[in-house]
Amino acid sequence: MHSLKKCFCLKKTRHLLETHDTLASETCFTVNDVEALYVLYKTLSSSIIDDGHIHKEEFLQALFSCSDRQNLFADRLFDLFDLKRNGIIEFGEFVRSLSIFHPKAPEEDKITFAFRVYDLKNTGHIERDELKDMVLAILQELKLTLPNDVVEEIVHKTIQEADLNGDGRIDLHEWMELVARYPSLIKNMTLPYLEEVTALFPCFVMTSKVRDSELVCGN
């Protein structure tokens, strides 16, 4: 019985390591990075509901240290991280989504993700009302308040400059052109510390059984 239990645990561990190796091969992270992210994921996924998945309340808790705070921007990020649209963020979704914010991630991926943040209705276009809603959400997060006419002017000028085909909305191509003129629009799409993930968990790295130069078989 002990041998059977040991065999099962080894198979489970091997499967986990293979999953980490696969995620490393598909993202900007190394195997050790993925392992460190797994520690972070386990912490976040048990902060409110201990079921091994990150729920929206836990996501908001991580972003704002407050699970009941309402913010359109945070809600939208959760929706985009939740690739399967099942109301939770699984580990693979967590790693793949964070990879977009990695300093080495392709700029095009960052631009597209930022576009999707604003495309609230998932229509492939940023409508005027969506842009206004997101501007207000960002101002709320920054704890800033502007008169409505000022917000309307910001929205109007943005649409006016970005809308190259004159249809009153912004498509992905127009968004890319706008970002090319104003790179600061995607400045927040890069999180420098993601390049040093393992430094955040030094005690974990010391006990890691997988090195970046090895596959799951190891020595």
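## Helix α4 and the basis of the model

Helix α4 is largely enclosed by the rest of the structure, because 7 of its 10 residues are buried. Here buried means under 20% relative accessible area, exposed means over 50%, and partly exposed lies in between (1.4 Å probe, protein chains only). The buried residues of α4 are A74, D75, R76, L77, F78, L80 and F81. Helices (H or I, at least four residues) and strands (E, at least two) are DSSP runs, numbered from the N terminus.

The model is predicted, so that local features need pLDDT of at least 70 and side-chain atom pairs count only at pLDDT 80 or more, while totals for chains, interfaces and linings use all residues. Residues are numbered from 1 along each chain as its sequence is written, and side-chain values use heavy atoms, with hydrogens and water left out.

## Overall architecture

The protein has 10 helices and 4 strands. Along the sequence these elements follow the pattern α-α-β-α-α-β-α-α-β-α-α-β-α-α. Of the 219 residues, 36% count as buried.

A contact is defined by heavy atoms within 4.5 Å. Among the contacts in the protein with a separation of 6 or more, 55% are made by residues 24 or more positions apart.

## The nonpolar core

In soluble globular proteins, nonpolar side chains tend to be buried together. A nonpolar core is a set of buried Ala, Val, Leu, Ile, Met, Phe, Trp, Tyr and Cys residues joined through side-chain atoms within 4.5 Å. The largest such core has 44 residues, and those with the most contacts inside it are F29, L37, F91, F94, F113 and W175. At least two residues of this core come from each of α1 (2-26), α2, α4, α5, α6, α7, α8 and α9.

L37 touches F29, F91, F94, V95, L98 and V197, when residues up to four places away in sequence are not counted.

## Aromatic pairs

Rings of Phe, Tyr and Trp (its six-membered ring) pair if their centres lie within 6.5 Å; planes under 30 degrees apart count as stacked, over 60 as edge-to-face and the rest as tilted. By this rule the count comes to 9 aromatic pairs. The rings of F59 and F81 form a tilted pair, because their centres are 5.5 Å apart and their planes stand at 55 degrees. F59 lies in helix α3 and F81 in helix α4, so this pair ties together parts that are 22 residues apart in sequence. F59 is buried, with a relative accessible area of 9%, and F81 is also buried, at 4%.

Ring pairs link F59, F78, F81, F101 and F113 into a cluster. Of these residues, F101 is found in the loop between α5 and α6, and F101 counts as buried at 9% relative accessibility. Leaving aside neighbours within four places in sequence, F101 is in contact with F81, K110, F113, N188, M189, T190, L191 and L194. F101 and T190 are 89 residues apart in sequence, yet their C-alpha atoms are 4.5 Å apart in space.

## The largest pocket

On a 1 Å grid over the protein atoms alone, a pocket is an open set of points where a 1.4 Å probe fits, with protein on both sides within 12 Å along at least five of seven lines; lining residues have an atom within 4 Å of a point. Grid points are joined across faces, edges and corners, and a volume is the space filled by probe spheres set on the points. The largest pocket has a volume of about 1,400 Å³. Its lining comprises 43 residues, of which F73, I138, L185, N188 and M189 lie nearest the centre of the pocket. Elements that give two or more residues to the lining include α2 (31-45), α3 (56-64) and α4 (72-81). Helix α7 gives the most, with 5 residues. The lining divides into 35 nonpolar, 4 polar and 4 charged residues, where Ala, Val, Leu, Ile, Met, Phe, Trp, Tyr, Cys and Pro count as nonpolar, Asp, Glu, Lys and Arg as charged, and the others, Gly among them, as polar.

F73 is found in helix α4 and counts as partly exposed, at 30% relative accessibility. Not counting residues up to four places away in sequence, F73 touches V117, M134 and A137. The C-alpha atoms of F73 and L136, 63 residues apart along the chain, are separated by 9.4 Å.

## Loop residues with positive phi

R85 has a positive phi of about 55 degrees although it is not a glycine. R85 lies in the loop between α4 and β2 (88-89) and is partly exposed, at 47% relative accessibility. N122, likewise not a glycine, has a positive phi of about 55 degrees. N122 is located in the loop between α6 and β3 (125-126) and is partly exposed, at 48% relative accessibility.
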